[in-house]
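Hello,

Here is the structure I promised to pass on. Have a look at it first, and then read on for what I found.

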Amino acid sequence: MRQPWAVDYDPTQYLGSARHYLAGRPPYSAELGAVLAAELGLDGTGRLLDVGSGPGVLAVQLAGLFEHVTALEPDPEMLAVAREHAAASGVVAVDFVRATAEDIPRLGLPPMRVATFGQSFHRTDRIAVAEAVFSLLEPGGAMVLVVHDLDASRAPAGPGHPPIPDEEVQALISRHLGPERRSGQRPASWFGSERFEETLARTSFGAATIVHAPGQPDITRDVDGVISGYLSMSYAAPHLFGDRLDAFVAELRRLLESRTATGRFWDWPGDTAAIVARKPG
Ligand SMILES: C[S@@+](CC[C@H](N)C(=O)[O-])C[C@H]1O[C@@H](n2cnc3c(N)ncnc32)[C@H](O)[C@@H]1O
């Protein structure tokens with residue numbers, strides 16, 4: 001589904017999710033930085049803008065490839081976690097901007113070598129935002145959209161724990177929230193599913209290229225970690241459950257405890273895909 005109208009940022013999308021994000025979401029490929037450095041010729045100079053940074057996942061992971069990083073994020077709780085994550089990771093050449101991607105033309109940001117969007121581009125007014133990023137990039141710069149890609153390769157052998165029983169968890173979420181997934185005040189489907197490279201082809205960037213970095217095959221989580229993973233999703237964000245949140249978490253915990261003999265689950269996110277769109281040099 002294509003977006004039927006321009007995006008107004010909805011501040012309830014991730015209400016209550018930020019504290020669960022780093023504890024529950026699978027990381028991107030550990031080799032993502034090396035793959036992007038080779039693809040884009042990154043050498044530690046230039047600036048990175050990480051748009052929709054959430055808790056600073058990409059801003060922190062890629063900081064060493066640039067002189068300076070700007071994490072841009074509209075959700076204040078996410079931005080607070082991003083500050084903590086950067087500080088705990090020793091990333092100091094970083095600033096944090098509370099803004100939406102749509103605000104980029106009005107922020108007076110300096111030219112960027114790279115702008116990343118980690119699982120965030122679909123939440124923006126895509127064509128307008130891509131054009132704003134195109135203007136902001138220095139000549140030869142790149143816009144990079146990062147996602148997990150379960151279809152890129154065959155799942156590896158797991159580390160001996162059961163996979164997360166996602167179908168059963170989705171059924172439990174449906175019992176609590178109804179069959180249609182929401183994201184903040186909208187149906188989750190509102191954000192659309194057009195492939196990013198098709199959207200980018202209609203912008204000044206033109207054709208994009210896709211590179212992959214191998215997923216981490218041995219990510220495991222305990223029951224609390226899996227619960228955090230679901231509460232970090234906009235479709236199962238804590239606020240959606242209202243005063244039934246504790247009941248949902250208790251039921252989810254019972255379900256998960258009954259599905260693992262080891263106390264842990266295997267979390268396979270797939271490879272990490274980077275959709276790379278370049279501004280001519
Ligand atoms: C799925 S999280 C991704 C977080 C992080 N980039 C990552 O790779 O894990 C999506 C993020 O996009 C942010 N977001 C939503 N709408 C946005 C907009 N219009 N402009 C910028 N960021 C937005 C959300 O607040 C959220 O932190």
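Leaving aside neighbours within four places in sequence, which residues is Leu42 in contact with? Please keep in mind that this is a predicted model. With those neighbours set aside, Leu42 has contacts with Leu36, Ala37, Leu65, Phe66, Arg113 and Val114.

Leu42 belongs to the largest nonpolar core, a set of 29 residues in which Leu42 and Val144 touch the most other members. Several elements give two or more residues to this core, including the helices α3 (57-61) and α4 (76-88) and the strands β2 (68-72), β5 (137-149) and β11 (271-278). The largest share comes from α2, with four residues. There is also a second, separate core, made up of 28 residues, with Val97, Leu137, Phe205 and Ala273 among them. As a general point, nonpolar side chains in soluble globular proteins tend to be buried together.

Now to the ligand. It is surrounded by 22 residues, and the closest are Tyr28, Gly52, Glu73, Ala101 and Gly118. That shell consists of eight nonpolar, nine polar and five charged residues.

- Glu73 places a polar side-chain atom 2.6 Å from an oxygen atom of the ligand.
- Gly52 has a backbone N or O atom 2.8 Å from a nitrogen atom of the ligand.
- Tyr21 has a side-chain N or O atom 2.9 Å from an oxygen atom of the ligand.

On its own the ligand has 590 Å² of accessible area, and the protein covers 99% of that.

Best wishes

Technical notes:
Residues are numbered from 1 along each chain as its sequence is written. This is a predicted model: local features need pLDDT of at least 70, side-chain atom pairs count only at pLDDT 80 or more; totals for chains, interfaces and linings use all residues. Side-chain values use heavy atoms; hydrogens and water are left out. A residue is near a molecule or strand if one of its heavy atoms lies within 4 Å of it. A polar contact is a pair of N or O atoms within 3.5 Å; within protein, one must be able to donate a hydrogen and the other to accept it, and residues adjacent in sequence count only if both atoms are side-chain atoms. Accessible areas come from the Shrake-Rupley method with a 1.4 Å probe; for residues, only the protein chains shown count as cover. Ala, Val, Leu, Ile, Met, Phe, Trp, Tyr, Cys and Pro count as nonpolar, Asp, Glu, Lys and Arg as charged, and the others, Gly among them, as polar. A nonpolar core is a set of buried Ala, Val, Leu, Ile, Met, Phe, Trp, Tyr and Cys residues joined through side-chain atoms within 4.5 Å. Buried means under 20% relative accessible area, exposed over 50%, partly exposed in between (1.4 Å probe, protein chains only). Contact means heavy atoms within 4.5 Å.
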